[in-house]
Amino acid sequence: MKPTTRLLLTALAFAAGAAVSVAAPASENWENHCAKCHGADGKGQTKAGKKLQVKDYTDAKVQAEMKDADMIKATTDGVMDKAGKERMKAYKDEISAAEIKELVAYIRKFKA
Ligand code: HEC
């Protein structure tokens with residue numbers, strides 16, 4: 001292989017690696033991690049969402065009752081029921097703190 005080809009391949013590999021580690025946009029994270037339960041539209045009317053009785057994030061009252069700090073904490077550390085059973089898992093190992101903040105801003109936009 002010619003040195004220039006090798007250099008090009010190295011550069012490409014580096015670019016691909018960098019793209020993987022770059023933060024995903026909130027819409028993508030929502031679709032990949034959250035929509036299964038909370039719905040693409042935030043209403044929670046999915047099969048899993050109905051079963052778990054998730055709140056409707058297009059409801060202004062629901063939005064008013066949620067504090068940003070609680071939303072960040074719920075996404076970071078997960079949500080337990082009163083018996084300590086997991087209702088929603090913690091995302092801190094999969095989604096960065098900065099991305100979680102963006103997800104909270106994304107949830108706020110569901111408000112009708
Ligand atoms: C397995 C289903 C499931 C998935 C997937 C899921 N959640 Fe949840 N989520 C729940 C349940 C259940 C609750 C508790 C009931 C409620 O508040 O609606 C909850 C609650 C929340 C709350 C409410 C916290 C509060 O203060 O009331 C936020 C914010 C939230 N989820 C964000 C997310 C985000 C962001 C994602 C994706 C990274 C996500 N959820 C993925 C099931 C899920």
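# Exercises on the ligand site and the chain

A backbone N or O atom of Lys55 lies 2.7 Å from an oxygen atom of the ligand. The model is predicted, and local features need pLDDT of at least 70, side-chain atom pairs count only at pLDDT 80 or more, and totals for chains, interfaces and linings use all residues. Residues are numbered from 1 along each chain as its sequence is written, and side-chain values use heavy atoms, with hydrogens and water left out.

**Ligand shell**

Task: Find which residues come nearest to the ligand, and which elements supply its shell.

Solution: 
- Next take the polar atoms, where a polar contact is a pair of N or O atoms within 3.5 Å. Besides the backbone atom of Lys55, at 2.7 Å from a ligand oxygen, a polar side-chain atom of His38 is 2.8 Å from a ligand nitrogen.
- Then assign the shell to elements: α2 (26-38), α5 (68-77), β2 (86-88) and α6 (97-108) give two or more residues each. Helix α2 contributes the most, five residues.
- Last, sort by class: the shell has 15 nonpolar, three polar and three charged residues. Here Ala, Val, Leu, Ile, Met, Phe, Trp, Tyr, Cys and Pro count as nonpolar, Asp, Glu, Lys and Arg as charged, and the others, Gly among them, as polar.

**Largest pocket**

Task: State how the ligand relates to the largest pocket, and describe the lining of that pocket.

Solution: 
- The ligand takes up the space of the largest pocket, a molecule being placed in a pocket if more than half of its atoms lie within 2 Å of its grid points.
- A pocket is an open set of points on a 1 Å grid over the protein atoms alone, where a 1.4 Å probe fits, with protein on both sides within 12 Å along at least five of seven lines; lining residues have an atom within 4 Å of a point.
- The largest pocket holds about 640 Å³ of space. Its lining has 24 residues, of which His38, Val54, Tyr57, Val79 and Met88 are the closest to the centre.
- Helix α2 supplies the largest share of this lining, seven residues. By class the lining has 14 nonpolar, five polar and five charged residues.

**Chain and burial**

Task: List the order of the elements, then decide whether Gln63 and Ala112 are buried or exposed.

Solution: 
- The chain has six helices and two strands, in the order α-α-α-α-α-β-β-α from the N terminus. Helices (H or I, at least four residues) and strands (E, at least two) are DSSP runs.
- Buried means under 20% relative accessible area and exposed over 50%, with a 1.4 Å probe and protein chains only. Of the 112 residues, 26% count as buried.
- Gln63, in helix α4 (residues 60-65), is buried because its relative accessible area is 4%. Its C-alpha atom is 7.1 Å from that of Arg108, 45 residues apart in sequence.
- Ala112 follows α6 and, at 85%, is exposed. Its C-alpha atom lies 6.7 Å from that of Ala60, 52 residues apart along the chain.

**Backbone at Gln53**

Task: Find the phi value of Gln53 and where Gln53 lies.

Solution: 
- Gln53 has a phi near 55°, a positive value in a residue other than glycine. Most residues other than glycine have a negative phi.
- Gln53 belongs to the loop between α3 (47-52) and α4. Its relative accessibility is 66%, so Gln53 counts as exposed.

Notes
A residue is near a molecule or strand if one of its heavy atoms lies within 4 Å of it. A polar contact is a pair of N or O atoms within 3.5 Å; within protein, one must be able to donate a hydrogen and the other to accept it, and residues adjacent in sequence count only if both atoms are side-chain atoms. Grid points are joined across faces, edges and corners, and a volume is the space filled by probe spheres set on the points.
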